[in-house]
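This briefing is for a reader who is new to the structure shown below.

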Amino acid sequence: MAVSKRIVLRFPRRLVERPIIYRLVKDYDLEFNILKASITPEEEGLLVLELKGDQKEYDKGINFLVKAGVKIQSLSQDVTRNEERCTHCGACVTVCPTGAFRVDPKTRKVLFDNKKCIACGLCISACPPRAMEVHF
Amino acid sequence: MPKTIAEINEKIKEGKAVVFTAEEIIEVVKEKGVKKAAQEVDVVTTGTFGTMCSSGAYFNIGHSKPRIKLGGGRVYFNDVLVYTGLGAVDLFLGANALPDDDPRNRVHPGEFNYGGGHVIEELVAGKDIRLVATAYGTDCYPRKRLETWINIKDMNQATLFNIRNAYQNYNVAVNLSEKTLYTYMGILKPRLGNANYSSAGQLSPLFNDPYYKTIGIGTRIFLGGGTGFIAWQGTQHNPDVPRTDKGVPKMGAATLATIGDLKQMSPRWLIGTSVLGYGCSLTVGVGVPIPILSEEILEYTTVTDADILASVIDYSDTFPNLKPDILGEVSYAELKSGKIKVKGKEVPTASLSSYPRAVEIATILKDWIKSGKFTLTEPVEPLPGVESGVTIKSLEERPIEY
């Protein structure tokens, strides 16, 4: 069975220079799409990936990452909306590159589908009341 | 038979007033017809919830012991600069004010995370604010420094005074250039990548009384979650603009100056706002009741999004350079469909003012009136109308010779 998941990988300093993702492709035949990559001043690496492949191989690949010392989080939890602060104006709707925001035609409320979110962060500073929050 | 405001107030006090929101009234009139509905309906409530830059508040913080003359000195609330060109302890804080050390647009686009609007929101929320002041000292006001926590509940006056609110219509902003623009109308993507608008449309106060037949100076309103009043015409009030057959202005026209006691308002309806690459501001909730004094006034309140047109303006050239060109007119019904056509291209739309919150304001105001706790006022003077000659002028620069 094939799976496709969006995950956040956090690399400790000692792993930043190792070709970890290469092993996912070579050993587990997983397909990846990099959504975001950065290395912080403390030299911790952060990688947001969409990972596709056979379920069994996917699990093995994740297992390999965990053993190597990579911390893994699922992406959907990472960008959240502070419902108290959101005014449902709509400033985020056309800014989001993946269409994760949609206006309910009846209520005119802005719906946030974090399954579509790739955590690019564009909505964070585009939101006038600063209701969008990113947690890595 | 036409009604009077006094008669409507009698019904409100008895808890018998018939009130609908400007959205509901559209269906009511469709069902009953204008004649019958005008007899039955007493008030139509409107609402709008958007970023309104020319908002601010003034304060009298009370005299310290010994006294300090802050007027002509320098005062900060949570590091945000407050205007001191007033009496000893009277201060004015504008929504766009910034801390001195805010980087502004030095790294473009600036984030503008905290400014005057945010201070107003925190004050209204009852939070303590850090006041830091220096003054020059006088014989009667000897003190030169003051640092203290202050709280809205301890102030003598804390008054919201917005010199321009509730614009009657507004531009639809697009970008014809090759680079992203960070404007007060939001992020505008290059090559007509998106179109942003900002009006509650059919619910917006001045669209429901397009000739200001009931809304005037002294009208009691919903302001920032409490009650307030229309104090005056707002700045840039410009009633004499092209209008549709039904009298709806096709571009920015009338504006309102509003005033009210900040102490009874709520942070749900006054929200500190950060506009990327532009500045800080305040998002304000305004709701205006319209007394149904005649069939004509009722008919105005049945305006729908399809009846209201707005001009599409290019913010890469036309707006910044104050050029007159418009790229076309679109209705709010089209804008709300999620896409409009500009220069033959389909452009996705987004709103900057919150329609769900506008509905909520109109509904709260309706409930206040129905429960008898909000009565209507007779305007003491009308707002300048189409014939008034009041208009918006641009600045004619006259070079200063040395």
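In this predicted model, helix H1(A) meets helix H2(A) through A:Ile20, A:Arg23, A:Leu24 and A:Tyr28 on the H1(A) side. On the H2(A) side, the residues are A:Glu57, A:Lys60, A:Gly61, A:Phe64, A:Leu65 and A:Ala68. Six residues of this contact are nonpolar, one is polar and three are charged.

**Geometry of the helix pair**
- H1 covers residues 20-28 of chain A and H2 covers residues 55-68 of chain A.
- The two axes come within 10 Å and cross at roughly 150°.
- The crossing of H1(A) and H2(A) is right-handed.

**Chain A as a whole**
- Chain A contains three helices and eight strands, and their order along the sequence is β-α-β-β-α-β-β-β-β-α-β.
- Taken along the principal axes, the box filled by the C-alpha atoms of chain A is roughly 50 × 40 × 20 Å.
- Of the 136 residues in chain A, 32% are buried.
- Counting contacts in chain A between residues at least 6 apart in sequence, 64% join residues at least 24 apart.

**The largest nonpolar core**
- The largest nonpolar core has 146 residues.
- The residues with the most contacts inside this core are A:Cys92, B:Val41, B:Val43, B:Ile120, B:Val172 and B:Val174.
- Helix H7 of chain B (residues 355-370) gives the most to this core, with seven residues.
- Apart from neighbours within four places in sequence, B:Ile120 is in contact with B:Ala57, B:Leu93, B:Ala95, B:Leu270, B:Gly272 and B:Leu282.
- In soluble globular proteins, nonpolar side chains tend to be buried together.

Definitions and conventions
Residues are numbered from 1 along each chain as its sequence is written. Chains are lettered from A and ligands numbered from 1 in the order in which they are written. This is a predicted model: local features need pLDDT of at least 70, side-chain atom pairs count only at pLDDT 80 or more; totals for chains, interfaces and linings use all residues. Axes are lines fitted to C-alpha atoms, for helices over the stretch in contact, and angles run from 0 to 180 degrees between N-to-C directions. Helices (H or I, at least four residues) and strands (E, at least two) are DSSP runs, numbered from the N terminus. A crossing is left-handed if the near helix is turned anticlockwise from the far one by less than a right angle, and right-handed if clockwise. Two residues are in contact if their C-beta atoms, placed from the backbone, lie within 7 Å. Ala, Val, Leu, Ile, Met, Phe, Trp, Tyr, Cys and Pro count as nonpolar, Asp, Glu, Lys and Arg as charged, and the others, Gly among them, as polar. A residue is buried if 20 or more other C-beta atoms lie within 10 Å of its own, exposed if 12 or fewer, and partly exposed in between; C-beta atoms are placed from the backbone. A nonpolar core is a set of buried Ala, Val, Leu, Ile, Met, Phe, Trp, Tyr and Cys residues joined through C-beta atoms within 7 Å.
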